[in-house]
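Good morning, colleagues. I would like to take a few minutes to walk through one model with you. Please have the sequence and the coordinates open as I speak.

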Amino acid sequence: MSKTITISPVTRIEGHAKITIHLDDRGNVIDARFHVNEFRGFEKFCEGRLMWEMGGITSRICGICPTSHLITSAKAGDDILAVAIPETAEKLRRLITLAQWIQSHALSFFHLSSPDFLLGFDSDPATRNIFGLVAKDKDFARRGIRLRKFGQEIIEVLGSRRIHTPWAVAGGVREPFDSAKRDHLLGWIPEAKETAQIALKTLRSIHEKFAADIPNFGNFRSMFVGLVAPDGALEYYDGALRVMDGSGNIIADKIDIHKYADYFGEASESWSYLKFPYYKPLGYQKGMYRVGPLARVNICDYIDTPLAEQERRVFKALAGDAGAVNNSFYYHFARLIELLFAVEKAEMLLNDPAMLGADIRARAMINRRMGIGASEAPRGTLFHKYEVDENGVLQKVNLIIATAQNNLAMNRTVHQLAIQYIDGNKITEGILNRIEAGIRCFDPCLSCSTHAMGQMPLHVQVIDVEGKVVSERIR
Amino acid sequence: MAILTLTINGEQVSGKDDESLLSIAQQHGIKIPTLCHLEGLSDVGACRLCLVEVEGSPKLFPACTTKPKEGMVVSTDTERLRKYRRLIIEFLASEGNHQCSVCVVNGHCELQNQAYETGLTHVTVPYLYPKKTLDASHEHFIMDRNRCILCTRCVRVCHEVEGAHTWDLSGRGIACEIISDLNQPWGTSESCTSCGKCVLVCPTGAIIEKGEGVSEMEKKTDFLRYIVTARQKREWINVDSDEE
């Protein structure tokens with residue numbers, strides 16, 4: 001008799017999802033799926049609205065990475081206005097993008113993922129969360145919370161509010177920076193840098209502790225996609241697309257973001273509201289690729305900050321003969337390298353006199369009927385594409401979200417973990433949590449406003465072919 | 001013109017017989033909430049927010065268009081009035097498409113302010129989500145009928161102050177909406193002088209400047225009293241609205 005195991009909701013991720021695991025009559029895993037069961041509809045209801053409002057509207061997609069949507073939207077707006085924004089505006093936008101990385105990466109590691117590693121996959125789920133972490137290692141948890149605060153503080157200083165600032169606009173930014181704000185933010189740098197390094201040190205010990213588990217955490221070859229700077233450096237705000245295969249070969253490079261649709265397509269499945277983007281030249285399924293920290297640190301030639309570059313070399317050595325680091329568990333490592341990079345780079349930007357310029361906004365009307373913006377959101381490359389009429393009213397909107405681009409890879413990860421750990425008869429809390437942790441490697445941002453802290457109930461049902469519940473676990 | 005004596009909220013006040021109850025109350029420091037009223041424009045009683053109770057009548061009267069009578073006893077702030085005012089804002093919220101969080105005038109909106117002041121925390125009637133049009137054909141300005149509350153300030157300022165009468169109303173009841181000229185795109189209007197007065201007097205984000213982002217636009221209505229004073233008295237001075 002075949003069975004289906006359902007993990008719903010998946011906890012400690014941003015958004016709502018469930019996992020189903022389908023077993024055959026001998027209890028072997030035949031399929032495993034990651035379902036995103038929430039529907040938003042932004043692309044449709046933005047039609048008929050104004051191009052200038054899109055920063056404000058699309059940032060409401062997410063409470064964690066609103067700034068990424070804001071920046072990407074502003075860039076699509078720049079494209080429609082056909083303006084080159086002032087240098088100061090670009091640098092200020094770069095700083096807020098780094099701030100978004102800092103707060104989101106700190107959240108992912110300290111608040112959401114580290115409880116599994118420091119308290120153990122099999123520890124009591126009631127305390128396997130940030131509160132349990134505070135109880136176990138107060139200083140470590142406090143540092144993580146403060147590092148996230150630093151990221152949020154930059155956003156607030158620039159945009160007047162931490163969440164959903166409308167500060168970046170088509171043509172530039174609204175408010176300039178000043179030296180008092182700069183000095184205030186520079187004061188945070190030593191602590192932030194130290195915390196990022198402590199996190200990396202902690203992760204190294206986690207790698208040792210979980211050496212047996214790590215090889216099963218979404219370890220498969222896939223392509224990697226992201227933006228890189230013109231000189232091949234790690235990029236976060238601009239640049240062109242690079243595609244690398246699982247063996248470390250660059251198979252496409254310097255792709256203008258305006259050509260993204262020539263290279264990437266989107267498929268849909270009836271069982272999930274999240275679309276399945278794929279690399280067109282290889283077709284759906286075979287065209288599976290990963291974005292986000294693991295992809296970015298894999299594809300770049302170097303990182304232009306000294307401490308992060310040192311860590312990148314250690315990361316690269318993990319690839320060995322494979323040519324690329326293919327294990328999804330090392331998303332955590334790549335994320336922390338980026339966290340350190342973001343702090344170092346923020347310091348460099350803060351010390352740049354151009355940040356204090358007065359020219360921050362180019363004013364223009366509609367000069368193009370289509371605009372595309374792309375930037376590296378914490379979770380991967382984010383695209384906004386707007387088609388407008390001559391008055392700036394939106395006719396068509398396409399948003400390609402980072403998490404969606406990891407959809408095929410997340411499903412593959414769930415599948416791999418299910419095969420490794422489930423034998424049909426024993427379904428323990430620890431096993432289910434390992435499968436969730438596989439998803440958490442990707443730090444998915446599904447809607448992104450909900451923030452479960454491990455307090456949500458996990459409901460697992462084993463269902464036979466007739467739909468009868470044969471066994472049930474509720475935590 | 002005669003001077004009359006009446007009672008507002010238990011206080012003896014006096015006013016001219018050609019003034020409105022709203023004007024008399026304001027002169028005596030009694031605050032009555034308004035939306036369609038704007039100093040410098042005629043009053044039409046469109047929003048009903050300034051409703052008051054008059055002793056001896058079961059009806060409620062809009063203070064902006066009701067004239068005083070000798071010995072009149074008026075109440076401007078009763079439980080019944082507070083309830084109706086909140087209901088008016090609630091109905092306005094439900095029959096338009098008002099998404100404050102992504103609106104150009106978020107934080108500077110008179111409708112939003114009235115919602116706060118009347119204590120509106122929830123909309124208890126179903127939202128109508130009407131299909132309204134957005135007209136961005138004008139070179140500088142946008143008319144977004146989703147956010148229009150039909151206060152007709154734009155109609156009045158265009159007719160009474162600018163003299164162009166580009167705006168007017170079309171349709172009845174729930175189908176009523178603001179149109180330009182002969183119901184044509186604003187950008188094709190021949191009467192519009194692009195003066196922008198309608199943009200500034202609009203209490204919500206219905207008429208806005210092009211290129212503005214969320215929360216970016218702040219309406220300033222002071223210009224109106226300046227222009228009206230200059231025109232009527234030939235005095236080019238800023239008039240404090242608390243004077244007179």
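How far apart do the C-alpha centres of domain 1 and domain 2 of chain B lie? Before I answer, please note that this is a predicted model. The two centres are separated by 25 Å. Domain 1 of chain B spans 3–77, and domain 2 of chain B spans 83–233, according to the domain assignment. Where these domains meet, domain 1 of chain B contributes 15 residues and domain 2 of chain B contributes 21 residues. On the domain 1 side of that contact, 11 residues are nonpolar, two are polar and two are charged.

I turn next to the contact between the chains. Chain A supplies 15 residues to it, and chain B supplies 12 residues. The chain B side comprises five nonpolar, five polar and two charged residues.

Finally, let us consider a sheet in chain A. It is an open sheet of three strands, ordered β12-β13-β14, with antiparallel pairing. At its edges are β12 (370–377) and β14 (394–400) of chain A, each of which pairs on one side only. From one strand to the next, the twist averages 10°. Strand β13 of chain A, residues 380–388, is joined to β14(A) by six bridges in the antiparallel sense. As a point of orientation, A:Y386 has A:V397 in β14(A) as its bridge partner.

Which helix lies across β12 and β13 of chain A? That is helix α3 of chain A, residues 66–81, which runs at about 150° to β12(A).

Thank you for your attention.

Note on methods
Residues are numbered from 1 along each chain as its sequence is written. Chains are lettered from A and ligands numbered from 1 in the order in which they are written. This is a predicted model: local features need pLDDT of at least 70, side-chain atom pairs count only at pLDDT 80 or more; totals for chains, interfaces and linings use all residues. Two residues are in contact if their C-beta atoms, placed from the backbone, lie within 7 Å. Ala, Val, Leu, Ile, Met, Phe, Trp, Tyr, Cys and Pro count as nonpolar, Asp, Glu, Lys and Arg as charged, and the others, Gly among them, as polar. Domain bounds come from an automatic or database domain assignment. Two strands pair if DSSP finds at least two bridges between them. Helices (H or I, at least four residues) and strands (E, at least two) are DSSP runs, numbered from the N terminus. Axes are lines fitted to C-alpha atoms, for helices over the stretch in contact, and angles run from 0 to 180 degrees between N-to-C directions.
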